[in-house]
Amino acid sequence: MYRLIVALLVGFGFSQATFATTSTSLRPLARPDSLTLSTRPAQPVAVRNDSLSAWVADFYPRARAAGISGRTLDRAFSGVTYDADVIRRDSNQSEFSKAIWEYLDSAASQTRIRNGRTALEKHKTTLREIEARYGVDKEIVVAVWGLESAYGTFKGSNDIIQSLATLAFDGRRGAFFEEQLIAALKILQSGDVAPRQMTGSWAGAMGHTQFMPTSYLSYAVDFTGDGKRDIWSDNPTDALASTAAYLANFGWVPGQPWGVEVKLPQNFDYRLANREITKSPRGWARLGVTDLNGRAVKNHGEASILLPAGSGGVAFMIFKNFAVIERYNTADAYVIGVGHLADRIKGHSAFKTAWPRGDRALSFKERQEMQRRLTRAGFDTQGVDGRIGPKTIAAIRDYQTANRLLPDGYASLRLLQKLR
């Protein structure tokens, strides 16, 4: 999970999401000195190894207090060294971003669709059993698998204990990664996996569907009945079942779509495209919002309208299951990617409405600039973080309304140029 948020979706303007609440740090300091990663002088790896060793020694009592045995600690940290590449990745956020249509071109590419159908066929018996037990569409489970690890072909080969120890010791968010490290040690202590077989992404996400350790402890299941919750081996059964269990826990509604592509009327009030505003599909139809054939969308429950590329792109009517997938990853692009890939695996067609491919996504600095300019103009974004979230979208809408622009909340380059 975390791998996609950090490596793929920071560019969409979303904060790096976590999958468990970060507790108060048990560590005395967030990192071993007061300098930031970008300004601290580079040190030889041998020096960092010595510093990590000292940190591990200091960490042992905190881990023991959390219930980790000395034997588990000794086994887990045997041969662990400082991983400079992990820190480089943690501090290296791409300056420029991808537009949502560029992300979806990859997320639901013909290759990924074809491989998804192959995976669905290969594991159809298991996936049907998982669907029957948890009520989560098997295609959704396969789509998550496809986006997280390309159906198990890129699960990550980093030593999880080494990565998490390095990040807890020297990373930007020491408290979060120490919490994940303790969770990983609890997994080892349970006997589900051996220390050096616990592998995954540089940021600690593990297995076929990239569970963070805290999420694993809370939601992973032993579907095969062999006494282990094995998400690492070539057999994806436990990983796929764990993903379904995770989604079911957060309220997956069987038979409900994540969303439906819709057509908006020419006189649509774009201020209604707000996650906080929900209506039944029939209620939306009374306002002229229909499926692509001009009919009311089937009544799958309360829904809201989502315009990820503003008035010039695809419009969606989204249901509760959209929010459930968000619990896996908070970025709209990811949720749409999972949902659309699942639909394509089922045999549904690609989106009919064109994306505004002439636009480009704003860079991180441009998003910050937009927030600053909006706030100066009297439309407070409640902070300058480069994230185009609900508060920034609301500020954009207010600015557009005040300036007699279409209030679709779209953070476009054209809007930034107008603000300038």
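These notebook entries record what I looked up in a predicted model.

**Entry 1. Conventions**

I worked with a predicted model in which local features need pLDDT of at least 70 and side-chain atom pairs count only at pLDDT 80 or more, while totals for chains, interfaces and linings use all residues. Residues are numbered from 1 along each chain as its sequence is written, and side-chain values use heavy atoms, with hydrogens and water left out.

**Entry 2. Helix 9**

I began with the burial of helix 9. Helices are DSSP runs of H or I with at least four residues, strands are runs of E with at least two, and both are numbered from the N terminus. I took buried to mean under 20% relative accessible area, exposed over 50%, and partly exposed in between, with a 1.4 Å probe and protein chains only. Helix 9 is mostly covered, with eleven of its eleven residues buried. Among them are Ser163, Thr166, Phe169 and Asp170.

I then looked at the start of helix 9, where a side-chain oxygen of Asp159 comes to within 3.1 Å of the backbone nitrogen of Ile161.

Within helix 9 I examined Gln162. Gln162 is buried, with a relative accessible area of 15%. A polar atom of the Gln162 side chain lies 3.0 Å from the backbone nitrogen of Thr81. For contacts I required heavy atoms within 4.5 Å. Setting aside residues up to four places away in sequence, Gln162 touches Gly79, Val80, Thr81 and Asp83.

**Entry 3. Helix 9 against helix 10**

How do helix 9 and helix 10 pack, and at what angle? I found an angle of about 155° between helix 9 (residues 160–170) and helix 10 (residues 174–190), with the axes 8 Å apart. The axes are lines fitted to C-alpha atoms, for helices over the stretch in contact, and the angles run from 0 to 180 degrees between N-to-C directions. Angles under 35 degrees count as roughly parallel, over 145 as roughly antiparallel, 65 to 115 as roughly perpendicular, and the rest as oblique. Helix 9 and helix 10 are therefore roughly antiparallel to each other.

I noted a left-handed crossing of helix 9 past helix 10. A crossing is left-handed if the near helix is turned anticlockwise from the far one by less than a right angle, and right-handed if clockwise.

On the helix 9 side, the residues in contact are Ile160, Ile161, Leu164, Ala165, Leu167 and Ala168. Their partners in helix 10 include Phe177, Leu181, Ala184, Leu185 and Leu188. By class, the contact of helix 9 with helix 10 has eleven nonpolar, two polar and one charged residues. Here Ala, Val, Leu, Ile, Met, Phe, Trp, Tyr, Cys and Pro count as nonpolar, Asp, Glu, Lys and Arg as charged, and the others, Gly among them, as polar.

**Entry 4. Helix 8 against helix 15**

I next looked up helix 8 (residues 138–149) and helix 15 (residues 332–346), whose axes come within 8 Å and cross at roughly 120°. Helix 8 and helix 15 are therefore oblique to each other. Their crossing is right-handed. Helix 8 contributes residues including Ile140, Val144 and Leu147, and helix 15 contributes residues including Tyr334, Leu341 and Ile345. The residues of the contact of helix 8 with helix 15 divide into ten nonpolar, two polar and three charged.

**Entry 5. Positive phi**

I recorded Ala150, which has a positive phi of about 50° although it is not a glycine. Ala150 lies in the loop between helix 8 and strand 1 (158–159), and at 23% relative accessibility it counts as partly exposed.

I also recorded Gln210, not a glycine either, with a positive phi of about 55°. Gln210 sits in the loop between strand 2 (199–200) and helix 11 (213–219). Is Gln210 buried or exposed? At 0% relative accessibility, Gln210 counts as buried.

**Entry 6. Thr381**

I located Thr381 in the loop between helix 16 (364–376) and helix 17 (390–402). Thr381 counts as buried at 3% relative accessibility. A polar contact of 3.3 Å joins its side chain to that of Thr375. A polar contact is a pair of N or O atoms within 3.5 Å; within protein, one must be able to donate a hydrogen and the other to accept it, and residues adjacent in sequence count only if both atoms are side-chain atoms. The side chain of Thr381 also reaches the backbone oxygen of Gly383 at 2.8 Å.
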